[in-house]
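Biologist: Could you take me through this structure, saying for each term what it rests on?

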Amino acid sequence: MDNNYSGSIKDGRAIYIPSWPAKVQFENLSMACKQLGQDNVINISDLNVPAAMIAVMNADDPKTATEMMFHFVKQARIDGDKLQDDFAVEALGMATIIELFTHVLHSQFNDFFVSGLAKAVSQPL
C-alpha cells in the first residue's frame, strides 16, 4: 500500500511527501508533541495553519521547535525538487514553511489521529 502523500500548497505548486517508516513516525510524533503539545499537533495535522503558527510561536524552546519544523519540511518535495538544506527552506518564506509543515504532519499522522487512537485521549474530561 502506497502511503505517500501528494497535494498542493496555496500558491499552486505541487508537493509530494514520502511516508516515513512507522518507527520514524512514532519518534517524530513524540518529538513534535514534546515541542508543540499533543493537542496542537493533532490540530495541525488537520492542515490547520493558524494552529501551527500559534504552536510555533508558543513553543517553550523556539530554537529546537524551529529545527524540528525545518527537519520535517525538508522531507517534502515541491514541484519535484527536494528541499535539501536550510537555505532552500528559508527561501520559501515563513508562510509557506508553516503551510508545508501542516502538510507534513497531515501526511504522516492524520490517519492515526482520525482513527481515534490519540483524539480520544486528548479530549477534556
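Biologist: What makes the pair formed by the side chain of Asn110 and the side chain of Ser45 a polar contact?

Modeller: The two side chains come to 3.5 Å, and a polar contact is a pair of N or O atoms within 3.5 Å, where within protein one must be able to donate a hydrogen and the other to accept it, and where residues adjacent in sequence count only if both atoms are side-chain atoms. The pair therefore meets the definition. Please keep in mind that this is a predicted model, in which local features need pLDDT of at least 70 and side-chain atom pairs count only at pLDDT 80 or more, while totals for chains, interfaces and linings use all residues. Residues are numbered from 1 along each chain as its sequence is written, and side-chain values use heavy atoms, with hydrogens and water left out.

Biologist: Why is Asn110 called buried?

Modeller: Asn110, which lies in helix α6, has a relative accessibility of 12%, and buried means under 20% relative accessible area, exposed over 50% and partly exposed in between, with a 1.4 Å probe and protein chains only; Asn110 therefore counts as buried. Helices here are DSSP runs of H or I with at least four residues and strands are runs of E with at least two, numbered from the N terminus. Setting aside residues up to four places away in sequence, Asn110 touches Ser45, Asp46 and Leu105, where contact means heavy atoms within 4.5 Å.

Biologist: What does the protein chain look like as a whole, in helices and strands?

Modeller: The protein chain has seven helices and four strands, and along the sequence they follow the pattern β-β-α-α-α-α-β-β-α-α-α. Of the 125 residues in the protein chain, 38% are buried. Among the contacts with a separation of 6 or more, 65% are between residues 24 or more positions apart.

Biologist: How do you know that Ile44 is buried?

Modeller: The relative accessibility of Ile44 is 0%, so Ile44 counts as buried. Ile44 lies in helix α2, and its contacts beyond four places in sequence are Leu36, Ala51, Ala52, Ala55, Phe101, Thr102 and Leu105. Ile44 and Val104 are 60 residues apart in sequence, and their C-alpha atoms are 9.6 Å apart in space.

Biologist: What residues line the largest pocket, and how are they divided into nonpolar, polar and charged?

Modeller: The lining has 13 residues, of which Val56, Met69, Met94, Ala95 and Ile98 lie nearest the centre of the pocket. The elements giving two or more residues to this lining are α3 (49-57), α4 (62-73) and α6 (94-114). Ten lining residues are nonpolar, two polar and one charged, where Ala, Val, Leu, Ile, Met, Phe, Trp, Tyr, Cys and Pro count as nonpolar, Asp, Glu, Lys and Arg as charged, and the others, Gly among them, as polar. A pocket is an open set of points on a 1 Å grid over the protein atoms alone where a 1.4 Å probe fits, with protein on both sides within 12 Å along at least five of seven lines, and lining residues have an atom within 4 Å of a point.
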